[in-house]
Amino acid sequence: MLLVNINTKVPVRIQRRPFESRFIESFSWTKSQDSLILIVKVEHSDFSFDYFNMEDPLQLIVDLSQSKEESREVRNIIIDPGHGGLESGARGKFGAQEKDITLPISLKLKAIIERNLALRVFLTRDKDVSMSLDNRVAMANNNKADLFISIHANSSFRKNAMGSETFFLSMDATDEEARRLAYLENSSDELEDRIEGENEDEIKMILWDMAQAAYLQQSSQLAEYIQRELNLLLSTHNRGIKQAPFKVLTGVACPAVLVEVAFLSNPVEEKKLLTETFQTKVAQAIYRGLVNFIRLYGQE
Amino acid sequence: MLLFIVLIIVYIRIGRKEKIKQEQVSLPPEIAQSSEEQPEKKKIVLFYLSEKDAFLHPEVREIYAYPSVAQEAKKTVEELLKESQNGNLSPIPPQTKLRELFLTRKGVAYVDFSKDFQVSHPSGSAAEILTIYSVVNSLTYNFKSIKKVFILIEGAEKETLGGHVNLNKPFLPQYSLIAK
């Protein structure tokens with residue numbers, strides 16, 4: 001709600017005109033002794049305003065604008081099944097390949113989201129094909145992804161390494177600041193405008209290269225929500241949320257995480273990863289983490 | 001330890017007189033000062049993996065002191081490519097060779113490994129992270145002038161190590177990965 005107090009001793013007659021706005025719910029006037037109060041009810045709590053008045057005739061101009069954060073509503077989710085085709089990723093002792101684990105989990109996650117939420121879900125691959133990391137990022141950004149979740153299965157030199165962990169991008173402190181500033185200067189509208197042109201691949205790549213810097217905080221929250229659910233549902237050893245310089249997360253222009261479901265290098269976990277029950281559980285856990293995040297994200 | 005002094009003897013004949021000129025092209029160079037003096041050694045810390053936890057474990061080694069950081073850095077990586085002396089795990093595929101190591105003025109060490117570093121790597125996020133930071137930390141921890149490490153494979157820049165960790169950028173050290 002916005003209250004504007006106008007000091008005026010001039011008698012005013014209030015006229016109303018019908019209006020339509022997705023942003024303003026209603027507005028009304030009240031008169032007090034020597035002032036006039038304009039009450040504007042706004043749909044969202046997060047907005048900014050600016051106003052000025054002009055004399056003769058008296059005009060009050062109020063500029064209301066929705067804060068940028070407020071427009072962030074999750075509509076499109078990109079799920080990225082790690083690896084694929086010739087690039088098989090990590091490999092287990094019994095021969096399980098990372099690419100063959102990430103795909104069914106991703107498909108299950110997509111199905112659960114679509115069953116329960118009115119959101120669009122894209123997969124970076126829906127079959128066993130090679131897909132470059134740049135193309136995965138391009139797919140996310142071109143489809144205006146609001147959330148990006150990359151699904152992987154872990155591997156370690158240690159045989160007994162186990163559990164799930166969720167990553168978000170790490171950046172050099174200096175890099176991060178420079179990139180964040182550069183990104184803010186190229187506002188997201190501009191980013192969208194610029195990526196339309198076909199011959200601007202290079203600009204596109206440069207802009208995308210710094211894209212994730214603006215979303216690190218949300219990405220860490222998303223990672224935390226997902227990790228919490230994975231711990232609850234899987235009762236796997238908690239390896240917590242972590243930061244790493246992962247290529248696939250660098251250019252994504254929305255909150256983005258990489259989930260390492262369990263260790264293929266651990267024979268016990270490898271067996272689990274191959275079962276449909278486990279895969280479904282993982283998809284459900286990630287889904288719950290997502291739902292919690294979306295709820296919070298929309299309210300902020 | 002055997003010490004070799006390579007002598008290149010150049011005979012130059014000027015007229016009937018014979019002059020003998022000696023040049024020492026000795027490596028390591030500190031030995032050249034006096035063959036009786038013990039060559040100077042330097043303690044370095046290398047980072048290996050342990051079967052116990054997901055951290056990097058320090059291991060102290062000795063290398064010969066060299067006049068340049070680049071030479072010592074090279075020796076350090078070569079030591080890291082050897083097996084652990086404390087029964088720890090190596091984070092680098094055993095066949096891996098160091099092809100070259102050079103430093104830029106801005107403190108970036110370019111470390112060029114043979115292809116085994118990548119093709120024999122098990123891939124996977126956890127493994128890739130530890131491999132990279134065992135190399136990065138082993139260099140930055142021992143040499144103040146090395147600020148960042150850029151990893152090359154067969155002389156070329158690669159996109160990732162095994163599909164996860166980005167190799168298109170130099171790495172800063174990650175001391176939080178070291179066991180306490």
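In which strand of chain B is B:Lys148 found? Select strand S7 (residues 148-153) of chain B, which holds B:Lys148; strands (E, at least two residues) and helices (H or I, at least four) are DSSP runs, numbered from the N terminus.

This is a predicted model, in which local features need pLDDT of at least 70, side-chain atom pairs count only at pLDDT 80 or more, and totals for chains, interfaces and linings use all residues. Residues are numbered from 1 along each chain as its sequence is written, chains are lettered from A in the order in which they are written, and side-chain values use heavy atoms, with hydrogens and water left out.

Remain at B:Lys148, which is partly exposed because its relative accessibility is 22%; buried means under 20%, exposed over 50% and partly exposed in between (1.4 Å probe, protein chains only). Beyond neighbours within four places in sequence, its contacts include A:Asp172, B:Gly107 and B:Phe171, where contact means heavy atoms within 4.5 Å.

Next, select B:Phe171 together with B:Tyr133. Both residues are buried. B:Tyr133 belongs to helix H3 (residues 125-142) of chain B and B:Phe171 to the segment after strand S8 (156-157) of chain B, so the pair ties together parts 38 residues apart in sequence.

Finally, move to chain A and select strand S11 (residues 256-263), where eight of eight residues are buried. Strand S8 (residues 147-154) of chain A runs parallel to S11(A) and is joined to it by six bridges; strands pair if DSSP finds at least two bridges between them. Within this pairing, A:Ile149 has A:Val257 as its bridge partner.
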